[in-house]
Amino acid sequence: MSIQESWKIGVLFSTSGVTSIIEQSQLNGTLLAIDEINAAGGVRGRSIEPISYNPDSVVSCYGEMAERLIVDDKITALFGCYMSSSRKEVLPVVERRNALFFYPTLYEGFEYSPNVIYGGATPNQNSVPLANYLMGAFGKRIFFVGSDYIYPRESNRVMRNVLRQGGGEVIGERYYGFDVDEEGFAEVAREIVEMKPDAIFSTVVGQMCIDFYRAYHAAGGDGRICPIASLTTNEAEIAAIGPEAAVGHITAAPYFRNISSPANRKFLKAYNAKFGSVRDVTSCCEAAYSQMHLFATALEEVGEMDADRLHEALLGATFDAPQGQIKIDPDNNHTYLQSRIARVDEQGEFIIENKLRRAIKPDPYLVYPKIHDWNFRTQKVKQFPV
Amino acid sequence: MSDFIQDLRDLNTLVVHQRDRSGDDLLQQVNRIGCNCENAWPIPVTLQKKFDLVFIDVTDQPVDRIKSFLNSAGGEPPTVIALIGYENPSTLESIFEIGAHAMLTKPVRATGVLGSMLMARRYWAEQLRFRKDLAKMRDRVVNLQKINDAKFILMRHHGIDDQEAYGVIRKQAMSKRTTTLEIAQSIINADGILRNIGNS
């Protein structure tokens, strides 16, 4: 295999800075998939070789580094980005240079680029099931807290709309800049505890999310009574928050670490062998892992790094991901994903409470999701004693 | 949230464009956005009434033909988004001539289609409202003028003041169960007839 040249691909995840916890896990998922592909003989006998840069969570670096990967390193396939702002930096670069860009993160929708394969959930895939669940299980008075950027604002718009259709009410809405710490959340935490909403919908991301959950706990908030529900808070962040402050809180996502399936067990075993622990495995990590496998299958079929031909091969492609089967929607480059709702138990582990029976079609341009859409009803997951 | 965004998926759209790369990309994007979408090419003679929004390729197409097509549905013309291949003054002039509400340049990219649809819808709705308001205002000015004329006639003949004259018109309108405008019109007509008798 060493005689032949390897397939070079670009990787852009921050391993330092505010979003490094989650991006490190996405990088790990990417690298693990590459290892598996190479260990199985590579693609058409040639191994995949990642060229990875660290944008340090600085938005402008993503665009510059994408440019460098394409121009200097001559890559045509790029994997990376967590925040929408960083994706928006990379987008014009990959369109101008015609590279294929794999984005393994949930985001706010309302975008389509022929150069992007979107691997994370759009609001219709998680928000509607979560809103249904919250109103059914807790009540209709919801408080919104978010980081101040495009994703929280758009996902709150969707959530507000879904809640209203179900007779729910948003009793407060606050946004915080990225410089806010635990201290900075103290006031809103007190306010929430005083107002006694039925649940909190949080779109606070990154390090801030850990601070917010802790501040809520410090103010006397109890997730078992009034939970914080989120689309982004994952296993890595729950671990950082600690079981005491995290217990009872809820996350809706396509993937959770404790899914019991052969594909997931195999994934976790390999992850543990490579990185020594599965502590930071998250849905974004799983999406990054799955996207690399989808790419490798397409490359196997096409046999060259031409962005257009790879794109063609990827449309409609399926993969038995750790979350279950996923499929790239040929209509919009987004991905059919599973939808699950999980709650943190006393040990700080997510327990999946509800799920949808089958993968949901992504609908990135959905302005008003319908709460009564039968497709978005979740079903209770039977708990087996472990 | 504005109605334009809310009602977006209810729009019936027609893409008048060749099935080439730009045409396909546009059709797919409109589908992704979630609107009902049909395609036609070359420019049909008549436009079906059901279409709310029409994308039309104006590159190298005779303006008269486009105009007659857009006006062929009868009633209010639809929202129009022009697709142009060349951004030169004569092409841009033709966009004004056909009364487009927004434009997209070719090659069409997915980004920008949603925005231009919304801007076009808003501009179209605003134009419609302005036209209606304007017609209403025009009527009102004419009506006011008529009532004033009638008042002057009454004032002249009966030596009463402005307010009393209006009172007479209003009272007549109420007792005959009609509008002040109609009474004013009758007074003007009667005055004309009487004056003509005097002259002949």
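Student: How many residues does the contact take from chain A, and how many from chain B?

Tutor: This is a predicted model, and the contact takes 7 residues from chain A and 9 residues from chain B. On the side of chain A that touches chain B, the residues divide into 4 nonpolar, 2 polar and 1 charged. In general, the size of an interface is often given as the accessible area lost when the parts come together. For the prediction as a whole, the scores are ipTM 0.74 and pTM 0.83.

Student: Which domains is chain A divided into?

Tutor: Chain A is divided into domain 1, covering 7–121 + 259–322, and domain 2, covering 123–252 + 339–380. The C-alpha centres of these two domains of chain A lie 27 Å apart, and their contact takes 22 residues from domain 1 and 21 residues from domain 2.

Student: Which helices of chain A each supply at least two residues of the side of domain 1 that touches domain 2?

Tutor: They are α1 (20–39), α3 (84–97) and α11 (283–302) of chain A, and it is α1(A) that gives the most to this side of domain 1, with 3 residues. By class, the side of domain 1 of chain A that touches domain 2 of chain A has 11 nonpolar, 7 polar and 4 charged residues.

Student: How should I read the packing of two helices, and at what angle do the axes of α1(A) and α11(A) cross?

Tutor: Two packed helices are described by the angle between their axes and the distance between the axes. In this structure, the axes of α1(A) and α11(A) come within 7 Å and cross at roughly 30°, and α1(A) passes α11(A) in a right-handed crossing. Among the residues that make the contact are A:Ile22, A:Leu32 and A:Ile37 of α1(A), together with A:Tyr289, A:Met292 and A:His293 of α11(A). The residues of this contact of α1(A) with α11(A) divide into 11 nonpolar, 6 polar and 1 charged.

Student: Turning to chain B, how many helices and strands does its secondary structure come to?

Tutor: The secondary structure of chain B comes to 7 helices and 5 strands, and along the sequence these follow the pattern α-β-α-β-β-α-β-α-β-α-α-α.

Student: Is chain B more spread out or less spread out than a compact globule?

Tutor: Chain B is more spread out than a compact globule, because its radius of gyration is 26 Å, well over the 16 Å that the globule rule gives for 200 residues. Taken along the principal axes, the C-alpha atoms of chain B fill a box of roughly 80 × 40 × 30 Å. As for confidence, chain B averages a pLDDT of 91, and 98% of the residues score at least 70.

Student: What should I look for in the backbone angles, and which residues does a cis peptide bond join in chain B?

Tutor: Most residues other than glycine have a negative phi, and most peptide bonds are trans. In chain B, a cis peptide bond joins B:Trp41 and B:Pro42, with omega about -5°, and B:Pro42 has its place in the loop between β2 (36–40) and β3 (53–57). The peptide bond from B:Lys106 to B:Pro107 is also cis, with omega near 0°, and B:Pro107 is found in the loop between β5 (102–105) and α5 (113–158) of chain B.

Student: Where in chain A does A:Arg44 lie, and is its phi positive or negative?

Tutor: A:Arg44 lies in the loop between α1 and β2 (48–53) of chain A. The phi of A:Arg44 is near 50°, which is a positive value in a residue other than glycine.

Notes. Residues are numbered from 1 along each chain as its sequence is written. Chains are lettered from A and ligands numbered from 1 in the order in which they are written. This is a predicted model: local features need pLDDT of at least 70, side-chain atom pairs count only at pLDDT 80 or more; totals for chains, interfaces and linings use all residues. Domain bounds come from an automatic or database domain assignment. Two residues are in contact if their C-beta atoms, placed from the backbone, lie within 7 Å. Helices (H or I, at least four residues) and strands (E, at least two) are DSSP runs, numbered from the N terminus. Ala, Val, Leu, Ile, Met, Phe, Trp, Tyr, Cys and Pro count as nonpolar, Asp, Glu, Lys and Arg as charged, and the others, Gly among them, as polar. pLDDT is the predictor's confidence in each residue, from 0 to 100. Axes are lines fitted to C-alpha atoms, for helices over the stretch in contact, and angles run from 0 to 180 degrees between N-to-C directions. A crossing is left-handed if the near helix is turned anticlockwise from the far one by less than a right angle, and right-handed if clockwise. The radius of gyration is taken over C-alpha atoms; the globule rule is 2.2 Å times the number of residues to the power 0.38.
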